[in-house]
Amino acid sequence: MAGVAAAVVLACLRYAPDAAAGYGFLAVAPPVEAARVAAVARAADGGDADAAGARDDPAPARPSSVVIFNFGDSNSDTGGMAAVNGMNLNLPEGRTFFRRPTGRLSDGRLVIDFICESLHTPYLSPYLKALGADFSNGVNFAIGGSTATPGGSPFSLDVQLHQWLYFRARSMEMINLGQRPPIDREGFRKAIYTIDIGQNDISAYMHLPYDHVLAKIPGFVAQIKYTIETLYSHGARKFWIHGTGALGCLPQKLAFPRDDDTDLDAHGCLNTYNAAAKRFNALLSDACAQLRRRMVDAALVFVDMYTIKYDLVANHTMHGIEKPLMVCCGYGGPPYNYNHFKACMSAEMQLCDVGARFISWDGVHLTEAANAIVAAKVLTGDYSTPRVTIARLVNSTPPNDD
Ligand SMILES: *[C@@H]1O[C@H](CO)[C@@H](O)[C@H](O)[C@H]1NC(C)=O
């Protein structure tokens with residue numbers, strides 16, 4: 001059945017007037033409606049044997065081969081930073097789900113892990129993990145602390161992009177030698193390219209006056225845009241881009257000494273940080289819209305992570321969370337249980353009970369419980385522009401570029 005649906009979508013994708021809507025090959029809304037549009041378009045064109053064949057005689061379903069290339073910071077680092085720095089994280093990192101530290105900065109799974117689960121594909125191996133890495137379903141280039149800004153961190157987005165280019169070039173070299181790399185030519189083309197970065201760039205400048213911060217933001221977004229363009233020019237066609245979260249609700253930011261509480265909003269978050277995050281997201285969303293108009297044979301989805309993560313704090317009781325601004329693994333007790341000098345994993349950490357529902361794991365990163373809620377919302381597709389699920393993006397077929 002899935003094969004039939006995919007073939008119907010494929011038949012339509014090439015002929016429905018989606019590019020005009022600016023949503024590339026994802027503009028076809030429900031397949032049935034799209035099939036009708038495509039049929040009308042074909043009739044108007046005097047028919048098209050190829051498209052009709054694809055519709056009436058669908059190819060057998062291929063095994064679902066999901067490939068994800070992820071770029072980002074600690075929000076989606078599945079162990080890269082630990083591997084590259086030789087950091088032995090200790091429990092309680094990982095305590096809730098993996099029951100051992102995996103290099104993720106959380107007590108459990110990250111949003112990218114839940115995305116992989118939903119697509120029935122294994123968790124992504126970090127590019128720089130020397131032992132036990134399996135790249136057959138993609139590569140995770142995300143490294144904790146990374147910035148979109150070149151040189152802002154050792155594995156800034158430009159370096160991650162170069163790592164992907166290197167990985168791709170070596171793979172093609174193997175193919176030309178008759179060898180089988182973990183991801184084949186088709187895998188690169190059909191892959192989803194996910195990006196979740198920018199939080200560290202904004203944070204790095206927040207000590208400056210706000211207008212200086214605003215002046216920096218277009219540069220961060222330009223780096224992400226350049227990355228998408230470069231991936232596209234090397235054949236990438238499916239992009240899944242996360243906006244940044246509600247930085248002003250992170251206990252680490254809230255715990256900085258302040259003169260008074262005038263910058264706090266109704267939910268106790270810092271207005272200035274959140275305004276910067278929203279500005280970044282607005283520009284990133286605009287950049288995605290511009291790219292969609294230019295890259296008409298690509299699908300580029302922007303996900304509003306800010307709304308999802310702010311809702312988690314604002315509507316915390318609905319999510320079964322009592323203290324939305326308190327850190328599970330920190331120091332100092334209320335209001336934030338965060339101390340810049342005694343972080344999670346320091347000898348004096350004060351740790352919440354296993355099973356207690358907290359949003360913030362360590363002041364910066366979310367708990368497994370929070371990541372599960374965020375991921376569930378990401379997976380609805382309701383926060384996506386265009387409004388599609390990542391499963392739909394995986395199952396869609398880009399037009400042939402030959
Ligand atoms: C809280 O939840 C309600 C109901 O789902 C929603 O309409 C509202 O936008 C949420 N508030 C925030 C600040 O996200």
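Guide: Let's start at Pro386, which sits in the loop between β8 (384-385) and α15 (390-395); helices here are DSSP runs of H or I with at least four residues, strands are runs of E with at least two, and both are numbered from the N terminus. The peptide bond leading from Thr385 into Pro386 is cis, with omega near -10°. Residues are numbered from 1 along each chain as its sequence is written. Keep in mind that this is a predicted model, where local features need pLDDT of at least 70, side-chain atom pairs count only at pLDDT 80 or more, and totals for chains, interfaces and linings use all residues.

Now move to the loop between α5 (80-85) and α6 (111-118), where you will find Pro92. The bond from Leu91 to Pro92 is also cis, and its omega is near 15°. Arg99 lies in the loop between α5 and α6 too. Although Arg99 is not a glycine, its phi is positive, near 65°. Arg99 is exposed because it has 11 other C-beta atoms within 10 Å (the cut-off is 12 or fewer, with C-beta atoms placed from the backbone).

Asn337 has 24 other C-beta atoms within 10 Å, so it counts as buried; the cut-off for that is 20 or more.
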